[in-house]
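Here are a few exercises to work through with the model open beside you. Try each one before reading its solution.

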Amino acid sequence: MSNMFKYVKQSSKFMMEGVKSLVVGHRKLPVTRIVDCLSELKQNPETDNFMTLDPKIYRKTENLVPVMKNTFNDVYVFVVGGGSYVEYQNLMTYADQHQGKRIVYGSSELLTSSDFLDQL
């Protein structure tokens, strides 16, 4: 009887680990990590090639060296191509956890799972 209990316990643990890997939970998706790094002015190789367009952060010099001191509270995210509800929900969860952040999410096409499968 104890072997059966042990087997059921191990298999349920294995199944729950599989389900946890499918559910996003508190894990940040790539778009949320990028928003976090850019809006909080964090150094990250993932965001080195991104450009911030804010006329207030440039000094009045010839070479236009950016001077960023304050974090950003208003963030506009636009994905070229298919956006998803999961990305949107992950960004909204991030905004809820960081009081004062306002995030607007858009994409050129917002797909449901059935729309995505139809395109395949």
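**Exercise 1.** Leaving aside its neighbours within four places in sequence, which residues is Val75 in contact with?

*Solution.* Keep in mind that this is a predicted model. Set aside the residues within four places of Val75, then look for heavy atoms within 4.5 Å. The search gives Val35, Ser39, Arg102, Ile103 and Val104.

**Exercise 2.** Find which residues make up the largest nonpolar core, and where they come from.

*Solution.* Start with the members: Val31, Val35, Val75, Val77, Val79, Leu91, Met92, Tyr94, Ala95, Ile103 and Tyr105, 11 residues in all. Next, assign them to elements: α2, β1, α3 and β2 each supply at least two. The largest share, 4 residues, belongs to α3.

**Exercise 3.** Describe α3 and what its buried side packs against.

*Solution.* First, the span: α3 covers residues 85-97, and its 13 residues reach 18 Å from first C-alpha to last, close to the 18 Å expected. Second, burial: Asn90, Leu91, Met92, Tyr94 and Ala95 are buried, each under 20% relative accessible area. Third, the partners: these buried residues pack against α2 (30-39), β1 (74-83) and β2 (102-110).

**Exercise 4.** Work out how α2 and α3 cross, and which residues make the contact.

*Solution.* Begin with the geometry: the axes come within 9 Å and cross at roughly 35 degrees, and the crossing is right-handed. Now list the residues: α2 brings Val31, Thr32, Val35, Asp36 and Ser39, while α3 brings Glu87, Asn90, Leu91 and Tyr94.

Methods. Residues numbered from 1 in each chain as written. Predicted model: local features only at pLDDT ≥ 70, side-chain atom pairs only at ≥ 80, totals over all residues. Heavy atoms only, no water. Expected span 1.5 Å × (residues − 1). Buried < 20%, exposed > 50% of the residue type's maximum accessible area, 1.4 Å probe, protein only. Core = buried A, V, L, I, M, F, W, Y, C linked by side-chain atoms within 4.5 Å. Axes fitted to C-alpha atoms, helices over the stretch in contact; angles between N-to-C directions. Left-handed = near helix turned anticlockwise from the far one by under 90°.
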